[in-house]
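Here is a short note for a colleague who is new to this structure. Please read the points below with the model open.

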Amino acid sequence: MSKNDTNHRQQVVILAAGLGSRLGRSLPKALTELNDGRTIMQQQFDNIRDAFGPDARVTVVVGYKFEHIVEAFPSASFVYNEMYDQTNTSKSLLRALRASASGGVLWMNGDVVFDPTALTRAARLVRDDQSFVTVNTSKVSDEEVKYTTDAEGYIAELSKQVKGGLGEAVGINYVSKADKATLMHQLSKVDNQDYFERGIELAIGQDGLRFEPVDISDLYAVEVDFAEDLERANLFV
């Protein structure tokens, strides 16, 4: 498959295996309905199609009550994380990357409601096959994944423990074809409860991978963990 073919059918992964217990819903969090009648995941699917066209290959990592997601999105491919109640996003992403075809992979957390422009802005780096992390520099909360950059402007640190963070990771990321195997190796080594950002940080620190920060601070992107997050997301859609 040529690079153009790979870009034509961009691979996109949505991580939606978790329990989402903090939101207090009985269904998977990605199926939470928004004010406009769409679910969080439907909004993501629409944004993916807007940016990459109808041929984008979307794979959803499922776990908790997976049959509801499968029924709602029959056109997608699915990877099952049977350890969804014992592992975090690092292991769900690892499963998805192992199941992916040749080429880079764009991925996102299944609980992010975001401006469609975020993906169209990132599409340039996808076309260039440049690994990136989407960030928001307008706020830096203690409980969020934060980042710093090196002298050349690439991501240096990426975790909840970062001191003096420049902003927060939004949960929309891309790994290039060249970097994918290295990231998979690091994801396989991290703890089951680690977020995928730990794998990225190790790949940067130990293997010299370069992830570019893509600033979408001027756009909305809300990770829906709690009821108040959902209220905030509904202000935008």
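1. Trp-107 has a relative accessibility of 0%, so Trp-107 counts as buried. Buried means under 20% relative accessible area, exposed over 50%, and partly exposed in between (1.4 Å probe, protein chains only). Phe-196 is buried too, with a relative accessible area of 1%.

2. This is a predicted model: local features need pLDDT of at least 70, side-chain atom pairs count only at pLDDT 80 or more, and totals for chains, interfaces and linings use all residues. Residues are numbered from 1 along each chain as its sequence is written, and side-chain values use heavy atoms, with hydrogens and water left out.

3. There are six aromatic pairs in the structure. Rings of Phe, Tyr and Trp (its six-membered ring) pair if their centres lie within 6.5 Å; planes under 30 degrees apart are stacked, over 60 edge-to-face, and the rest tilted. Phe-66 and Tyr-80 make a tilted pair, 5.0 Å centre to centre with 55° between the planes. Phe-66 sits in helix α3 (residues 66–72) and Tyr-80 in strand β3, 14 residues apart. Phe-66 is partly exposed at 33%. Tyr-80 is partly exposed at 39%.

4. Trp-107 and Phe-196 pair edge-to-face, with 5.4 Å centre to centre and 85° between the planes. Trp-107 is in strand β4 (residues 105–109) and Phe-196 in helix α7, 89 residues apart. Helices (H or I, at least four residues) and strands (E, at least two) are DSSP runs, numbered from the N terminus.

5. How much space lies in the largest pocket? About 1100 Å³. A pocket is an open set of points on a 1 Å grid over the protein atoms alone, where a 1.4 Å probe fits, with protein on both sides within 12 Å along at least five of seven lines; lining residues have an atom within 4 Å of a point. The volume is the space filled by probe spheres set on the points, which are joined across faces, edges and corners.

6. The largest pocket has 44 lining residues; Arg-22, Lys-29, Asp-111, Glu-223 and Asp-225 are the closest to its centre. Strand β9 gives the most to this lining, with four residues.

7. The second largest pocket has a volume of about 220 Å³. Its lining has 18 residues, with Val-12, Arg-57, Val-58, Thr-59 and Ser-77 nearest the centre. β1, β2 (57–62), β3 (77–80) and α4 each supply at least two residues of that lining.
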